[in-house]
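Colleague: Could you walk me through one part in detail? I would like a close look at the ligand and its surroundings.

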Amino acid sequence: MEQTLAIIKPDGVSRGLIGEVILRIERNKLKIKAMKLIQMSKTQAQGFYAVHRERPFFQSLTDFMCSGPVVVMVLEGENAIKRWRDMMGATNYKDAAEGTIRRDFATDIEKNVVHGSDAPETAAFETGYFFNALERV
Ligand code: GDP
């Protein structure tokens, strides 16, 4: 069993896509082990995306991520990291496969509705960034 962090980004929450994303997660038999609605501060968004701090879009990305509430979730299942990323689709929605969340709903390379951890080490860091042991069932 593997765990991964999923986020419904501010664009997904403000556009009323929480239910749609959770429906897809449940249909794909990933288990929700923790979930909450939060609004990150700029500092918290910068800490979360620290690996991207040298990228040209870091300022814009961290502004976007703290611009409104997000839903953060821990998902669990066999191959959960890859399965969730496959459901999300490619970073750029224009390259994302049909039937993926980003292909169906993203409007922009940055405003791409969802986040998912990309490897076991990042999943451990990212789930721990938002949830302590008592917050996971
Ligand atoms: P992900 O793992 O598919 O989310 O992609 P990355 O880790 O490469 O990038 C993290 C997030 O930064 C993406 O989900 C986008 O929201 C944003 N992003 C990635 N590339 C770009 C870009 O070229 N320009 C802008 N403005 N944002 C980007």
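Modeller: Start with T91. One of its polar side-chain atoms lies 2.6 Å from an oxygen atom of the ligand. That pair is a polar contact, meaning a pair of N or O atoms within 3.5 Å; within protein, one must be able to donate a hydrogen and the other to accept it, and residues adjacent in sequence count only if both atoms are side-chain atoms. The protein buries 79% of the 550 Å² that the ligand exposes when taken alone. Such areas come from the Shrake-Rupley method with a 1.4 Å probe; for residues, only the protein chains shown count as cover.

A word on the source: this is a predicted model, where local features need pLDDT of at least 70, side-chain atom pairs count only at pLDDT 80 or more, and totals for chains, interfaces and linings use all residues. Residues are numbered from 1 along each chain as its sequence is written, and side-chain values use heavy atoms, leaving out hydrogens and water.

Back to the contacts. The side chain of H52 has an N or O atom 3.0 Å from an oxygen atom of the ligand. For R102, an N or O atom of the side chain is also 3.0 Å from a ligand oxygen.

K9, H52, R55, F57, L61, R85, T91, R102, I109, E110 and N112 surround the ligand. Each is near it, with a heavy atom within 4 Å. By class, this shell has 3 nonpolar, 3 polar and 5 charged residues. Here Ala, Val, Leu, Ile, Met, Phe, Trp, Tyr, Cys and Pro count as nonpolar, Asp, Glu, Lys and Arg as charged, and the others, Gly among them, as polar.

Look again at R102. This residue lies in helix α6. Helices (H or I, at least four residues) and strands (E, at least two) are DSSP runs, numbered from the N terminus. R102 counts as buried because its relative accessibility is 5%. Buried means under 20% relative accessible area, exposed over 50%, partly exposed in between (1.4 Å probe, protein chains only). R102 and I25 are 77 residues apart in sequence, and their C-alpha atoms are 14 Å apart in space.

Finally, follow the chain on from α6. V113 is in the loop between α6 (101-105) and β4 (114-116). V113 is buried too, since its relative accessibility is 0%. Its phi is positive, about 75°, although V113 is not a glycine. Most residues other than glycine have a negative phi.
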